Amino acid sequence: MSKFLVETYYTCTFKIIHELSELDEKKLADIDNRKDGKVEIIDVTVNNRKTKKTDDKNSETKTSLDNVKISHSENKTDNKKFQSQLLNKVSGKKTRMETKKNEKRFQMPDRRKGYIQKAAIGNHKIYLHTGEYNDGKIGEIFIDTNKEGELVKALTNNFAIAISLGLQYGVPLEEYVDAFLDTKFEPSGKVYGNDRILSATSILDYIFRELAVSYLGREDLAHTPGINKVNTDQNSNEDDQFLKIVKNITSKGFIRSNYEEKLVDLSDVRINLKSKN
């Protein structure tokens, strides 16, 4: 279920009343610096309202405006009550602004890892480019096609930019996989060039199925079995410093986290470099 937040902006007109025992120019000049004035609300008008979509996490921190009642009364108790409600509403807006400022974008490194996967669905060739953070987490994608018009290419490129921005702002890849998996439109059918994905119902279904297999280890979405071997020693990978170095310099998506299968151990290999006379 989608949730929406309605923001209402008001214009408040009020007056400050000061009491003077004597009326002279000096006291009138210093009246703006006095803090003993009484504030009375004259009028409150609604300017405009804005509606925006929000999620469940941020909805708990937002202040509800349903209980704020706007009323004009000459009674001082009503004015004080409205002033407190107005202050609570302003503090709620500040909280939302601070929450928005805390949503930082994690920029991609200038020199990054990743891989390119070429595949074909029917007569349509698809090139999927990925970019990774230093820890191997995916942070951007690019999609290139060969037999599409300029409009479709522009929409595809901007779609990839939108997905990349979401990843860099912290949207989990799982959310995109659940949203776009099994989408159906042409081209669809057999997939050629990918050893794990053999068919797809659309380009989006193929792309996020490939990303799920490569970065999330979703073997249930692949059509061919993986080549991972069961390692009985659970602590061997954690204690292997050389394997950690390999993880830092290789693309997680390219090798699909199969470091042991892709790694060639040359520690026991000795090469005789002496030339024969």
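The questions below go from the whole chain to single residues and pairs.

Colleague: How many helices and strands are there in the protein chain?
Modeller: Please keep in mind that this is a predicted model. Of the 277 residues in the protein chain, buried residues make up 28%, and among the contacts with a separation of 6 or more, 58% are between residues 24 or more positions apart. As for the elements, the protein chain has ten helices and seven strands.

Colleague: Which side chain of opposite charge is nearest to Lys113?
Modeller: Lys113 is placed in the loop between helix H3 and strand S3, where its contacts include Thr130, Tyr133, Asn134 and Gly136. A polar atom of the Lys113 side chain lies 3.5 Å from the backbone oxygen of Asn134. Although Lys113 is buried, it has no salt bridge, because a salt bridge needs a nitrogen within 4 Å of a carboxyl oxygen. The nearest side chain of opposite charge is 4.6 Å away, and it belongs to Glu132.

Colleague: In the hairpin of S4 and S5, which residue takes a positive phi?
Modeller: Strand S4 pairs with S3 in the antiparallel sense over six bridges, and Ala119 stands opposite Ile126 in S4. S4 is also joined to S5 by seven bridges, again with the strands running antiparallel, and here Tyr127 stands opposite Asp144. The hairpin of S3 and S4 has two residues between the strands, with a positive phi near 70 degrees at Gly122. In the hairpin of S4 and S5, which has five residues between the strands, the residue with a positive phi, near 95 degrees, is Gly136.

Colleague: Are the rings of Phe159 and Phe180 stacked or edge-to-face?
Modeller: The count of aromatic pairs comes to five, and ring pairs link Phe159, Tyr176, Phe180 and Phe208 into a cluster. Phe159 lies in helix H4 and Phe180 in helix H5, so their pair ties together parts that are 21 residues apart in sequence. The ring centres are 5.3 Å apart and the planes stand at 90 degrees, so the pair of Phe159 and Phe180 is edge-to-face.

Colleague: How many residues apart in sequence are Arg112 and Glu140, whose side chains meet in a salt bridge?
Modeller: The structure holds six salt bridges, and in one of them the side chains of Arg112 and Glu140 meet at 2.7 Å, N to O. Arg112 is partly exposed, with a relative accessible area of 35%, whereas Glu140 is buried, with a relative accessible area of 9%. Because Arg112 lies in the loop between H3 and S3 and Glu140 in strand S5, the pair ties together parts whose separation in sequence is 28 residues.

Colleague: Which residues are linked with Asp182 in a network of salt bridges?
Modeller: The side chains of Asp182 and Arg209 meet in a salt bridge at 3.2 Å, N to O. Asp182 lies in the loop between H5 and strand S6 and Arg209 in helix H6, so this pair ties together parts that are 27 residues apart in sequence. Asp182 is partly exposed at a relative accessible area of 47%, whereas Arg209 is buried at 9%. The residues linked with Asp182 in the network are Asp205 and Arg209.

Colleague: How far apart in space are Lys50 and Val6, C-alpha to C-alpha?
Modeller: Lys50 lies in strand S2, and the residues in contact with Lys50 include Leu5, Val6 and Tyr9. Lys50 and Val6 are 44 residues apart in sequence, while their distance in space, C-alpha to C-alpha, is 5.7 Å.

Note on methods: Residues are numbered from 1 along each chain as its sequence is written. This is a predicted model: local features need pLDDT of at least 70, side-chain atom pairs count only at pLDDT 80 or more; totals for chains, interfaces and linings use all residues. Side-chain values use heavy atoms; hydrogens and water are left out. Helices (H or I, at least four residues) and strands (E, at least two) are DSSP runs, numbered from the N terminus. Buried means under 20% relative accessible area, exposed over 50%, partly exposed in between (1.4 Å probe, protein chains only). Lys and Arg count as positive and Asp and Glu as negative; His and the chain ends are not counted. A polar contact is a pair of N or O atoms within 3.5 Å; within protein, one must be able to donate a hydrogen and the other to accept it, and residues adjacent in sequence count only if both atoms are side-chain atoms. Contact means heavy atoms within 4.5 Å. Two strands pair if DSSP finds at least two bridges between them. Rings of Phe, Tyr and Trp (its six-membered ring) pair if their centres lie within 6.5 Å; planes under 30 degrees apart count as stacked, over 60 as edge-to-face and the rest as tilted. Lists of a residue's contacts leave out its neighbours within four places in sequence.
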